[in-house]
Amino acid sequence: MLRTANRALGLAPIDRMMLAFIAFLVAVAAFVDPDPLPVLATLAVLGGTFFVAGVWGLRSELGRVVHGFLPLPVVVTLFNVAGPLIGALNPSRWDATMAGLDAHFFGRLVPAWQHLLGRPNLLSDLASFAYVSYYFIPFIMCIALWVQGRRREFDDLAFVLIATLLVSYLGYFLFPTTGPRVPQDVEVQVLGGGHVSVRVRDFLRAAEVNQLDAFPSGHTALSLVFLGFGWRLFPRWSVRIPLLGLVVGIIFATVYLSLHYVIDLCAGATQAALMPAVVRGLRRVFGQGGVAEARRDSAPSA
């Protein structure tokens, strides 16, 4: 019965995984939010988009495209919706612990990293560009696979990208950490940089409303995941070398721009290494296949 319903609604495994996470946020909001209606309404709209896109995707190619790419913007929205819920559900803050671990294990590495070459404006701008590229590289990779007709690879990449982000979000609930962020009124003096850095900081203030997102480093986890997939899916060195450079830049920027502790990066790298096993488990729960490859439902029977 469940398989028949999923087929009729056009729900793919990635949809069911995201709906499960949305249901988790609904439960948290209902439990901890004194005025949960705005959050519940937002989550209802986000969840409803998967049902609408699923049905639309069964009826038109445009709908199928929308359905295929829908999880990417929705998961970014869920990141910000989760922010207040993280703080309400778990009032503990782990910054002192993470800073202590950095001091104990990495000593002088952290200040040397943050003040590399005396923080020239050009390096700050390059680091800012690399950091923000994290938001666009997954889209570009998915678009390239779709345009090339590599639908199974598109589905596999989309599933692992979304799974990586959702796992990191769960980490934020367990270890709410803001990171060594620089107050806005002294960003220019401390972080430096030119026009690029200023625009990136403005973008991050709008895009990253949730600031309890330091541990594990989602930037590190996701970057290493899409580097691994990109290395295999796009074997041309004209793609591999820029991708590697951007990923190195993203990870460098997380500490250089005072957004993460080094221990956050270690946790993110560990998460990335564990994601193949995590994805295998999630696939057993939510099914094989996806939106792009074929309109067949591979969900496990109820």
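Reply: Arg181 counts as partly exposed because its relative accessibility is 24%. Under 20% relative accessible area is buried, over 50% is exposed, and partly exposed lies in between (1.4 Å probe, protein chains only). This is a predicted model, in which local features need pLDDT of at least 70 and side-chain atom pairs count only at pLDDT 80 or more, while totals for chains, interfaces and linings use all residues. Residues are numbered from 1 along each chain as its sequence is written, and side-chain values use heavy atoms, with hydrogens and water left out.

The partner of Arg181 is Asp213: their side chains meet in a salt bridge, with 2.6 Å from N to O. Arg181 sits in the loop between helix 10 and helix 11 (187–191), and Asp213 in the loop between helix 12 (195–207) and helix 13, so this pair ties together parts that are 32 residues apart in sequence. The term salt bridge stands for a side-chain nitrogen of Lys or Arg within 4 Å of a carboxyl oxygen of Asp or Glu. The helices are DSSP runs (H or I, at least four residues; strands are E, at least two), numbered from the N terminus. At the other end of the pair, Asp213 has a relative accessibility of 8% and therefore counts as buried. The bridge between Arg181 and Asp213 thus has a partly exposed residue on the Arg181 side and a buried residue on the Asp213 side.

The loop between helix 12 and helix 13, where Asp213 lies, is also the place of Pro216. The peptide bond that leads from Phe215 into Pro216 is cis, with omega near -5°. In general, most peptide bonds are trans, and most residues other than glycine have a negative phi.

The structure holds eight salt bridges, and one of them joins the side chains of Arg201 and Glu187 at 3.6 Å, N to O. This pair links distant parts of the chain, with Arg201 in helix 12 and Glu187 in helix 11, 14 residues apart. Arg201 is buried because its relative accessible area is 9%. Glu187 counts as buried too, as its relative accessibility is 12%.

Asp202 and Arg205 are three residues apart in helix 12, so about one helical turn separates them. Asp202, at 32% relative accessibility, counts as partly exposed, and Arg205, at 31%, falls in the partly exposed class as well. These two bridges belong to one group: Glu187, Arg199, Arg201, Asp202 and Arg205 are linked in a network of salt bridges.

Phi is positive, near 60°, at Leu117, a residue other than glycine. Leu117 is found in the loop between helix 7 (109–114) and helix 8 (121–133), and it is exposed because its relative accessible area is 72%. Ser258, again a residue other than glycine, also has a positive phi near 60°. The loop that holds Ser258 runs between helix 14 (237–256) and helix 15 (262–286). Ser258 is buried, since its relative accessibility is 7%.

Trp56 belongs to helix 3 (residues 37–59) and, at 35% relative accessibility, counts as partly exposed. Val66 belongs to helix 4 (residues 61–69) and is partly exposed, with a relative accessible area of 32%. From Val66 to Val291 the separation is 225 residues in sequence and 10.0 Å in space, C-alpha to C-alpha.
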